[in-house]
Amino acid sequence: MPKFLIRRWYGYHIVGLFILAGIALAFLTWFQWEIGAVGFILLGALAIYVIQAERSFEKELERYISTLTHRVNKAGEEAVTEMPIGILLYDKNYQIQWANPFILSYLPKEFMGKPIGTVSERLAAAIKQGESEIHLTMRNRHYTVYIHSEERLLYFFDMTETTDIQAMYQKEKSVVAFIYLDNFTEVTQGMDDQTRSRLMSHVTTALNEWAGDHDILLRSIAVDRFMAVMNQDALNHLEQTKFELLDYVRDITSKEKVTITLSIGIGAGEPSLQELGSLAQSSLDLALGRGGDQVAIKEANGKVRFYGGKSNAVEKRTRVRARVISHALRDFVLESDQVIVMGHKNPDMDAIGAAIGVLKIAEVNNTDAYVVVDPDEINPDVKKLMEEIENHEYLWSQFITPSEAMDEVTKHTLLVVVDTHKPSMVIEPRLIDRVNRTIVLDHHRRGEEFIEDPVLVYMEPYASSTAELVTELLEYQPKKLSMDVLEATAMLAGIIVDTKSFAIRTGSRTFDAASFLKMHGADTTMVQMLLKEDLDQYVERSHLIERAEVYRDGMAVAAAAEDEMYGQILIAQAADTLLTMNDIKGSFVISKRQDDKISISARSLGEVNVQLIMEALGGGGHLTNAATQLTDATIEEAEKRLKQAIDEYLQGGTSE
């Protein structure tokens, strides 16, 4: 019997009572021996009773403990065999020793002595790697397995119902979308009411059928805008079909001799409907900034996916907007003590031309202005132009280095970023953080990365070049403009280079801008001189083109040898040259550059959106002009990844 129970009967308090009683009876016997004798007899009887009571209690306690132990053991046995928890024991050789009935249905018929790998190879690997928990799927049921390596014991908890509920929750999460008819206002101008009504009927019928097929709530919120609410499961299905709605609407409206394109912005992954609405609007802005005719899906974590974007952007910017932006830019210039203009790294002809145009805007408003150029990163394509600028004393005095620009910055400095909107691509990223006000002028399709909180943004993917946009801004400056021949020629050269001598991405506004520059002294002969190339460069480009092959559907791919290196300009020129060949819809040139990066330049005439293909490889650009650089691949690996991206594009869509 435990000591604490023994002390219950033989403790000092009991012994003390008996001693005191004995002493008291002894005194009593001294005076009255008869009464004392009776007292001793009673005390002895009491002692015998206490001893018997203790023995009786001990027997009853032992009987109770024995019964309880039996019940606990029986309950434990039933728990091991009957509870819906799998238990498995294995030996030091990772072979099964024993399993309870719950897990027997997932074990081989003769499981004793079999390796754990017969249950699951992943489970065996997890045990050997010392993991304490793993999630498994066996026979369409999901389990969480807890591994106790010291006891070589495994517990299998059936999580199928929990997993199904989680999957259902993910499928039923709300998704908000905004649908915008990109060019409805433009194509219906001057159209009679009957034709406009019939055209709109085609679009609304297509949208309603699409909504009905995918269980989507669709409501019109304006003549050219719709709002849609769906669940995540419907969105997943739409992504699998690559949003065929875009192609369908484009096809059915073309029967009316016009083509309507859609842009869809979708917000997902957020429980708040208000936040979903904000994400959807942000996605729509992103889709429109990239030229429209595409779907942008933005989730709460900031990840963006794109689908569509296969048709060329339709020129739809208005001169009213150009005039408003021009006046707003003038106001910002007048409020500043100086203007710093910065393009992208290794600036091309368009970036230099646009920067010079902004210099003129500052000049007509009597504000000092400077262009940031890194002398160590001069693009060979603009080398002749920079030599001409160096010989022009006044113009050269307005070109400064990045370090000089950092020293020049004041709290009233205005920074104008031209020909890019990505902070990682500008010549001096620290300038963006240093100045208080930044303006972005760009003609590229908007990407996910964007300069934070600019005070003014003028992005028009429908324009041929940033030089064209800046030329229009110059036109609407209220003060009389006087341009030097070199200044006007540099801007015209930027337009000519980006349009491939007015062959691609050229609208009526492009010719208007070229006419304005010609009227202000632009020299087309000088442009040709600035764009001349060396004979050696021509021979190298021809050698690269010689390696070209047609991959599929008019896609020409030229890959340089592993030991060959070419400059970025030559790679781009080779892609341009390939595009002039018969039956070539898209051209791709792969080569290693002097900085050991693998460069891929892509070109098309508009039928193929090379921007989407390059974005799949981490790059970007325009629908007809794009590129990417790879740092973790060989020429052979880059070619393989490129062809995979082409395959995905030709199968119906690209996401990023």
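## Contacts around Leu 441

Two residues are said to be in contact when heavy atoms of each lie within 4.5 Å. In this predicted model, and leaving aside neighbours within four places in sequence, Leu 441 is in contact with Val 358, Val 416, Val 417, Val 418, Asp 419, Thr 420, Tyr 458, Thr 466, Val 470 and Leu 473.

## Nonpolar cores

Leu 441 belongs to the largest nonpolar core, which has 58 residues. Together with Val 339 and Ile 389, Leu 441 is among the residues with the most contacts inside this core. Helix H13, spanning residues 349-364, supplies the largest share of the core, with 10 residues.

A second, separate core has 35 residues, including Leu 199, Met 200, Ile 216 and Leu 235. In soluble globular proteins, nonpolar side chains tend to be buried together.

## Overall form

The protein chain contains 25 helices and 23 strands. Its radius of gyration is 41 Å, whereas the globule rule gives 26 Å for 656 residues; the chain is therefore more spread out than a compact globule. Along the principal axes, the C-alpha trace spans about 150 × 65 × 60 Å.

Among contacts between residues at least 6 apart in sequence, 63% join residues at least 24 apart.

## Burial, surface and charge

Of the 656 residues in the protein chain, 49% count as buried. The accessible surface comes to about 33000 Å², and 52% of this area belongs to carbon and sulfur atoms.

The protein chain carries 66 positive and 97 negative charges.

Note on methods. Residues are numbered from 1 along each chain as its sequence is written. This is a predicted model: local features need pLDDT of at least 70, side-chain atom pairs count only at pLDDT 80 or more; totals for chains, interfaces and linings use all residues. Side-chain values use heavy atoms; hydrogens and water are left out. Helices (H or I, at least four residues) and strands (E, at least two) are DSSP runs, numbered from the N terminus. The radius of gyration is taken over C-alpha atoms; the globule rule is 2.2 Å times the number of residues to the power 0.38. Buried means under 20% relative accessible area, exposed over 50%, partly exposed in between (1.4 Å probe, protein chains only). Accessible areas come from the Shrake-Rupley method with a 1.4 Å probe; for residues, only the protein chains shown count as cover. Lys and Arg count as positive and Asp and Glu as negative; His and the chain ends are not counted. The place of a charge is taken as NZ of Lys, CZ of Arg, CG of Asp or CD of Glu. A nonpolar core is a set of buried Ala, Val, Leu, Ile, Met, Phe, Trp, Tyr and Cys residues joined through side-chain atoms within 4.5 Å.
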